[in-house]
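This report covers aromatic pairs, charges over rings and the nonpolar core of a predicted model. The sequence and the structure come first.

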Amino acid sequence: VQLQASGGGVVPLGGSLRLSCAASGESFGSSGMAWFRQSPGKEREFVAAIRWSSATTDYADSVKGRFTISRDRAKSTIYLQMDSLKPEDTAVYYCALDPIYNVARMSRTRPSTYDYWGRGTQVTVSS
C-alpha cells in the first residue's frame, strides 16, 4: 500500500485548506483511514478517521466542527477539509491506513494502530 498526501501550504488565520491522500496497491474495503498531525517537540496526534466501507467518521475534540474528513471511492482518496484554521493547527499532517477497521475508538486514535503512512504535508497557519 502506498499513500500520497498533498495539499498543505500557508494559510491565514481563519482560512481554509483541503488535504488529499491517494491510496494505491490494495483493496481498501475493510480499512480505516485517518489523519494525524505532529508539531515540533510534540507527539503525533489524532485528527480524524473514516471507515472506508461506511464513511463513518471520528474527530478529535480540537477539530470537531471545523474539519471534515471524507472519502472518494472512485479515486481511492480521502480528504481533510480544514476550515476556521487556528495557529495551533500548524503541523505536519500525515495520512494513515489500517487494513482492518478497528471498532474500538481508542485504538483508532493511536498511531500504532495504523500499518501504512504517507509522507507528511506541512500546514502553516499565519496569525
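Leu13 is placed in the loop between β2 (9-12) and β3 (17-24). Its relative accessible area is 52%, so Leu13 counts as exposed, the cut-off being over 50%. Beyond its neighbours within four places in sequence, Leu13 is in contact with Leu85, Lys86 and Pro87, and also with Val125, Ser126 and Ser127. From Leu13 to Phe67 the separation is 54 residues in sequence and 15 Å in space, C-alpha to C-alpha.

In this predicted model, the largest nonpolar core has 35 residues. Met33, Trp35, Leu80, Met82 and Tyr93 are the residues with the most contacts inside this core. At least two core residues come from each of β1 (2-6), β3, β4, β5, β7 (67-72), β8 (77-82), β9 and β11 (121-126). In soluble globular proteins, nonpolar side chains tend to be buried together.

Tyr93 touches several other residues, not counting those up to four places away in sequence.

The model has 6 aromatic pairs. A pair of aromatic rings is described by the distance of the centres and the angle of the planes. Two of the pairs are set out below.

| Pair | Geometry | Centre to centre | Between the planes |
|---|---|---|---|
| Phe36 and Phe46 | edge-to-face | 5.8 Å | 75° |
| Tyr94 and Trp117 | edge-to-face | 6.5 Å | 80° |

Phe36 belongs to strand β4 (residues 32-38) and Phe46 to strand β5 (residues 45-51); the two are 10 residues apart, and their pair links distant parts of the chain. Both Phe36 and Phe46 are buried.

Why does the pair of Tyr94 and Trp117 tie together parts that are 23 residues apart in sequence? Tyr94 lies in strand β9 (residues 91-98), whereas Trp117 lies in strand β10 (residues 116-117), so the pair joins these two strands. Tyr94 is buried because its relative accessible area of 16% is under 20%. Trp117, at 28% relative accessibility, counts as partly exposed.

One aromatic cluster is formed by Phe36, Phe46, Tyr94, Tyr114 and Trp117.

Charged ends also sit over rings. That of Arg44 sits over the ring of Tyr94, 3.7 Å from its centre. The ring of Trp52 has the charged end of Arg71 over it, 5.9 Å from the ring centre.

Definitions and conventions:
Residues numbered from 1 in each chain as written. Predicted model: local features only at pLDDT ≥ 70, side-chain atom pairs only at ≥ 80, totals over all residues. Heavy atoms only, no water. Phe/Tyr/Trp six-rings, centres within 6.5 Å; stacked < 30°, edge-to-face > 60°. Helix = DSSP H or I, 4+ residues; strand = E, 2+ residues; numbered from the N terminus. Buried < 20%, exposed > 50% of the residue type's maximum accessible area, 1.4 Å probe, protein only. Lys NZ or Arg CZ within 6 Å of the ring centre and 35° of its normal. Contact = heavy atoms within 4.5 Å. Core = buried A, V, L, I, M, F, W, Y, C linked by side-chain atoms within 4.5 Å.
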